[in-house]
Amino acid sequence: MSSDQPEIIQLPKFLDNRGNLSFIEDNVHIPFKIERTYWVYDVPGGEKRGGHAYDKLQEFVVALSGSFDVVLHDGTNELRYHLNRSYYGLYIPKMMWRELENFSTNSVALILADSKYNEGAYIRDFDDFKMRKDAEQ
């Protein structure tokens, strides 16, 4: 599992007539220890979430219900991932600009992060992000 590139990761899936089960273990299925868990839901049609990057924070995004797109930018290239299964997730490494969009009705996005919330960790200006990305290369 790479920790410097985005990656779709298939999670364990146990099929059962009573209902299926999947799970995520930190440092097993994802390449970091989980420090924060949050979810995004009831997103009105046409709205986007995200629109930022982080210097150091890594995330893992799962569509627990419904579907949505995760649009990533590495400073040069845009990558688009459509999430619509609860047993697949998208690993997002640090220094990737991210937006979530095209939410279906009743969708729920689960996000696992490797650090606690810190407003100062956000890069909210895309030009600033690109400048920092260029500086690290």
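Visitor: Which residues do ring pairs link into a cluster?

Guide: The cluster that ring pairs hold together consists of Y54, Y117 and Y122. Before going further, a word on what you are looking at: this is a predicted model, in which local features need pLDDT of at least 70 and side-chain atom pairs count only at pLDDT 80 or more, while totals for chains, interfaces and linings use all residues. Residues are numbered from 1 along each chain as its sequence is written, and side-chain values use heavy atoms, with hydrogens and water left out.

Let's stay with the rings. A pair of aromatic rings is described by the distance of the centres and the angle of the planes. Rings of Phe, Tyr and Trp (its six-membered ring) pair if their centres lie within 6.5 Å; planes under 30 degrees apart count as stacked, over 60 as edge-to-face and the rest as tilted. By this rule there are 9 aromatic pairs. One of them joins Y87 and Y88, whose centres are 5.0 Å apart and whose planes meet at 45°, so the pair is tilted. Y87 is buried, at 19% relative accessible area, whereas Y88, at 30%, is partly exposed. Here buried means under 20% relative accessible area, exposed over 50%, and partly exposed in between (1.4 Å probe, protein chains only).

A charge sits over a ring if NZ of Lys or CZ of Arg is within 6 Å of the ring centre and within 35 degrees of the ring normal. K13 places its charged end over the ring of Y87, at 3.8 Å from the centre.

Now for the strands around these rings. Helices (H or I, at least four residues) and strands (E, at least two) are DSSP runs, numbered from the N terminus, and two strands pair if DSSP finds at least two bridges between them. An open sheet of 5 strands has the order β8-β7-β10-β5-β12, with antiparallel pairing. β8 and β12 (122–123) are at the edges with a single partner strand each, so one side of each has no neighbour in the sheet. Between β5 (residues 49–54) and β10 (residues 97–101) there are 3 bridges, and R49 has L100 as its bridge partner in β10.

D69 has H82 as its bridge partner in β8 and stands opposite E101 in β10. In the hairpin of β7 and β8, with 4 residues between the strands, G75 has a positive phi near 100°.

A nonpolar core is a set of buried Ala, Val, Leu, Ile, Met, Phe, Trp, Tyr and Cys residues joined through side-chain atoms within 4.5 Å. The largest such core has 16 residues, and F68 and V70 have the most contacts inside it. Two or more residues come from each of β6 (59–65), β7 (68–73), β8 (78–83), β9 (88–92) and β11 (108–113), with β7 giving the largest share, 3 residues. A second, separate core of 9 residues includes L11, F60, Y91 and L112.

Finally, step back to the chain as a whole. It has 1 helix and 12 strands. Its radius of gyration, taken over C-alpha atoms, is 15 Å, close to the 14 Å from the globule rule (2.2 Å times the number of residues to the power 0.38), so the chain is as compact as a globular protein of its 137 residues. Buried residues make up 39% of the chain.
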